[in-house]
Amino acid sequence: MKFNHSYLLLFLLSCLSWSLNAQSESKSERTERKSEVVESRGKIGAEPNIELELKNARTNAEATVLPVQSASVYMEPVGEVNLDPTKLQGKSPQDLLAKEEMKYHLVLRVFNPANIARIHVKLGAAEGKSNFVSHAFEFDRAAPAPLHYTRDGRIIVLGLGKYTNMGPCFGEVTLEDLNGKRSAPKTFSIKG
């Protein structure tokens with residue numbers, strides 16, 4: 001009996017060894033096929049490697065800083081505005097408010113706030129100018145006076161200061177990630 005058990009045990013170990021070799025060969029064959037597909041990329045009729053393409057797409061998406069989704073400016077009077085009906089006759093609200101001191105706020109909606117380190121803002125009297133504001137806001141940190149920073153989820157409000165009779169102006173906002181890479185600029189304008 002002992003003699004038969006030994007042969008049975010030897011037979012089982014041989015089968016297990018054969019099975020493990022077959023599995024490792026199939027893994028190496030699959031790896032070779034994947035290598036061939038990767039090497040053949042660019043050849044006409046090459047079979048695409050979906051896993052590799054998805055991995056590259058994710059890596060590129062992580063490396064790319066998404067731009068600001070939307071940017072808009074709202075103005076708020078600093079003091080009281082006299083809305084006397086006799087003064088309003090024949091005047092547009094813009095004419096009435098032109099001589100008032102106004103707080104300017106830039107409202108941003110971002111796609112993903114997780115990777116943002118800084119928000120660069122320029123504001124000037126003409127496109128590309130920064131004669132009113134040129135500042136890099138630190139993400140989720142208080143801004144120096146007279147600037148202002150608040151955030152609620154994906155909405156960021158940047159106080160750009162107080163101005164009187166500013167007139168039309170143009171701005172640009174760019175996001176910077178933790179690695180120092182910057183997004184494409186998002187432009188905005190204020191009619192004034």
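Which residue forms a salt bridge with D140? In this predicted model, local features require pLDDT of at least 70 and side-chain atom pairs count only at pLDDT 80 or more, whereas totals for chains, interfaces and linings use all residues. Residues are numbered from 1 along each chain as its sequence is written, and side-chain values use heavy atoms, with hydrogens and water left out.

The partner of D140 is R151, with the closest N and O atoms 2.7 Å apart; a salt bridge is defined here as a side-chain nitrogen of Lys or Arg within 4 Å of a carboxyl oxygen of Asp or Glu. R151 lies in strand β5 (residues 148-152) and D140 in the loop between β4 and β5, eleven residues apart; strands are DSSP runs (E, at least two residues) numbered from the N terminus. Both are partly exposed (between 20% buried and 50% exposed limits of relative accessible area, 1.4 Å probe, protein chains only), at 34% for R151 and 41% for D140.

Three salt bridges are found in the whole structure. R118, E138 and E176 are linked in a network of such bridges. E176 is buried, at 11% relative accessible area, while R118 is partly exposed at 27%.

Strands β4, β3, β7 and β8 form, in that order, an open antiparallel sheet, pairing being assigned when DSSP finds at least two bridges between two strands. Eight bridges join β3 (residues 116-124) to β7 (residues 169-177).

Key
Helix = DSSP H or I, 4+ residues; strand = E, 2+ residues; numbered from the N terminus.
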